[in-house]
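I opened the notebook to look up how this chain is put together.

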Amino acid sequence: MKLNLGKYKVVFLLLVFVLKLSASTYEWSVKANKNSAYINEAIHLEYTCTYDDKADLYAIDFNPTVDNDEYSIKILREDERIRDNKKINSYELILFVKKEG
């Protein structure tokens with residue numbers, strides 16, 4: 001007796017399709033108020049992560065290195081909101097450059 005793999009292919013394709021639909025895609029963007037700065041001059045940064053849906057099962061653990069030999073960072077604001085049925089996480093930071101280069 002020959003094994004019919006056709007029905008297994010259909011189940012596999014349906015499973016892949018459902019998993020593809022349930023996975024959220026996202027896009028990171030960054031904005032800076034200047035391209036260059038003097039030592040100890042403040043640079044305002046904004047990181048934004050925009051999902052294509054509500055992304056209920058996704059969480060971001062945003063922990064930047066806040067102080068080292070080259071720069072220091074002060075976190076101003078963290079925000080999570082739903083707009084137009086899309087989840088948006090945004091982070092505002094102030095970066096202070098300590099070294100030239």
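**Ground rules.** I am working from a predicted model, in which local features need pLDDT of at least 70, side-chain atom pairs count only at pLDDT 80 or more, and totals for chains, interfaces and linings use all residues. Residues are numbered from 1 along each chain as its sequence is written, and side-chain values use heavy atoms, with hydrogens and water left out.

**Strands.** I took strands as DSSP runs of E, at least two residues long, numbered from the N terminus. I called two strands paired if DSSP finds at least two bridges between them. Strand 1 (residues 26-32) pairs with strand 2 (residues 42-51) in the antiparallel sense, over seven bridges. Strand 2 is also joined to strand 4 (residues 86-97) by nine bridges, again antiparallel. I then followed threonine 50 of strand 2: glutamate 27 stands opposite it, and its bridge partner in strand 4 is isoleucine 88.

Strand 3 (residues 71-83) runs antiparallel to strand 4, with twelve bridges.

**Core.** I looked for a nonpolar core, meaning buried Ala, Val, Leu, Ile, Met, Phe, Trp, Tyr and Cys residues joined through side-chain atoms within 4.5 Å. Buried means under 20% relative accessible area, exposed over 50%, and partly exposed in between (1.4 Å probe, protein chains only). The largest such core has eight residues: Ile43, Leu45, Phe62, Ile73, Tyr91, Leu93, Leu95 and Val97. Strand 2 and strand 4 are the elements that give two or more residues to this core. Strand 4 gives the largest share, four residues. I listed contacts (heavy atoms within 4.5 Å) for tyrosine 91; leaving aside neighbours within four places in sequence, they include Trp28, Leu45, Phe62 and Arg77.

**Serine 72.** Is serine 72 buried or exposed? Serine 72 counts as buried because its relative accessibility is 10%. I placed serine 72 in strand 3. Beyond its neighbours within four places in sequence, serine 72 touches Val66, Asp67, Ile94, Leu95, Phe96 and Lys98.

**Pocket.** Which residues line the largest pocket? I noted Ala37, Tyr38, Ile39, Glu70, Tyr71, Val97, Lys99, Glu100 and Gly101.

Notes: On a 1 Å grid over the protein atoms alone, a cavity is a set of points where a 1.4 Å probe fits but cannot get out, and a pocket is an open set with protein on both sides within 12 Å along at least five of seven lines; lining residues have an atom within 4 Å of a point.
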